[in-house]
Amino acid sequence: MVLFLTIAVFTATALAVLALYWLVESRRESLPQRLKEISETPSGAGSSWSEKISSRFSGVLERFKGKRRIQDDIVAMVTSEQSTGTRLQLIQAGFRHPVSYQVYFWVRAVLPASLFLFAVSIGRSMGMANQKIFFLGALGLFFGFLFPIAFVRWKIRKRKEEITDYLPDALDLLVVCVEAGLGLNASFVKISEEFKLSSPTLSDEFDIVNREMVAGKPRMEALRSLTERTGVEEVKSLVAMLIQTEKLGTSLAQSLRVHSDSLRTKRRQRAEEAAAKTTIKLVFPLVFLLFPALFVVILGPGFIQIAKVLFPVMAGNR
């Protein structure tokens, strides 16, 4: 009862304050609104009471909309950096469509609520207790919140791994094309054509760079855009080398050959590191999965025979 009275008093006070504010603000009509009313009805006889109320109400709405726009601008300024980072992550994951950001935003907003309602409905249909239903709903909410983020990061990691693995081969082809007399643009076209089957991601990236340069974008800006879209350290070093070569006027073919040799060495070192880690990673499956099964198969018959011999003797001694 006390809680109901408190809520009622609070609601009545809030409504009274809102009505008072509305009345005061409605009397503060702007000068353009008054001039408009004077120009339309000089004597004031042609305007009815309902029209005056509607005009005052529209003035209040316009002022409220102006304040709302200011709040929206502040929110947009705060969230602009975060939205830019999210868009860059989506581009690095391979989602370049303009609608991808809106789709990702709605998925992150709708998926947790959908999984929460689905988990609660499943729990109620199975007749679970309220605590278990709450735990199941919280689990669905948590999974729905983390799944889009984890999926985008997984796509980014896969694309980076593919670009890192096939970039030395692309540089070898680039060296051959440059030494054969082709320009850098024509070499990028050749790489995008040759790597369509083996590495579609790398082929698309070089094709985008070539299209940007054909459209009139400077080569340095197109190469810097390549580093932002991929986010791979090897691509950043390649772009830095190409920019320095163009600025200093050194031999492009020789610089590409040296850089491709270093990338090929790094790839071999990564393969050796992965092979060395294999033995450590096999310890846990061997100890926890394979060895217990071997012990049961090898020592199981011996334990059975020992039990058959010892248990009757122990029973006879008793």
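Q: In this predicted model, a helix is a DSSP run of H or I with at least four residues, and helices are numbered from the N terminus; how many helices and strands does the protein have?
A: Read along the sequence, the protein follows the pattern α-α-α-α-α-α-α-α-α-α. Counted as secondary structure elements, this comes to 10 helices and 0 strands.

Q: How many aromatic pairs are counted?
A: Rings of Phe, Tyr and Trp form a pair if their centres lie within 6.5 Å. By this rule, the number of aromatic pairs is 7.

Q: Are the rings of Phe95 and Phe151 stacked, edge-to-face or tilted?
A: The centres of the Phe95 and Phe151 rings are 6.4 Å apart, and their planes meet at 40°. Planes under 30 degrees apart would count as stacked and over 60 as edge-to-face, so the pair of Phe95 and Phe151 is tilted.

Q: Is Phe151 buried, partly exposed or exposed?
A: Buried means under 20% relative accessible area and exposed means over 50%. Phe151 has a relative accessibility of 34%, and Phe95 has a relative accessible area of 31%, which makes Phe95 partly exposed. By that rule, Phe151 is likewise partly exposed.

Q: Are the rings of Phe147 and Phe151 stacked, edge-to-face or tilted?
A: Phe147 and Phe151 are 4 residues apart in helix 5, which separates them by about one helical turn. Their ring centres lie 6.3 Å apart with the planes at 25°, and planes under 30 degrees apart count as stacked, so the pair of Phe147 and Phe151 is stacked.

Q: Which residues form one aromatic cluster?
A: Phe147, with a relative accessible area of 42%, is partly exposed and belongs to this cluster.

Q: Which residue has its charged end over the ring of Tyr101?
A: For Arg, a charge can count as sitting over a ring only if CZ is within 6 Å of the ring centre. Here the charged end is 4.1 Å from the centre of the Tyr101 ring, and the residue that carries it is Arg87.

Q: Are helix 5 and helix 7 roughly parallel, roughly antiparallel, roughly perpendicular or oblique?
A: Helix 5 and helix 7 (residues 200–214) pack with their axes 8 Å apart, at an angle of about 75°. Angles from 65 to 115 degrees count as roughly perpendicular, so helix 5 and helix 7 are roughly perpendicular.

Q: Which residues of helix 7 make the contact with helix 5?
A: On the side of helix 5, the contact is made by Arg159, Glu162, Ile163, Tyr166, Leu167 and Ala170. On the side of helix 7, it is made by Pro200, Thr201, Leu202, Glu205 and Phe206.

Q: How far apart are the end C-alpha atoms of helix 8?
A: Helix 8 (residues 219–230) has 12 residues, and at 1.5 Å a residue it should span 16 Å.

How values were computed: Residues are numbered from 1 along each chain as its sequence is written. This is a predicted model: local features need pLDDT of at least 70, side-chain atom pairs count only at pLDDT 80 or more; totals for chains, interfaces and linings use all residues. Side-chain values use heavy atoms; hydrogens and water are left out. Rings of Phe, Tyr and Trp (its six-membered ring) pair if their centres lie within 6.5 Å; planes under 30 degrees apart count as stacked, over 60 as edge-to-face and the rest as tilted. Buried means under 20% relative accessible area, exposed over 50%, partly exposed in between (1.4 Å probe, protein chains only). Helices (H or I, at least four residues) and strands (E, at least two) are DSSP runs, numbered from the N terminus. A charge sits over a ring if NZ of Lys or CZ of Arg is within 6 Å of the ring centre and within 35 degrees of the ring normal. The expected span of a helix is 1.5 Å times one less than its number of residues. Axes are lines fitted to C-alpha atoms, for helices over the stretch in contact, and angles run from 0 to 180 degrees between N-to-C directions. Angles under 35 degrees count as roughly parallel, over 145 as roughly antiparallel, 65 to 115 as roughly perpendicular and the rest as oblique. Contact means heavy atoms within 4.5 Å.
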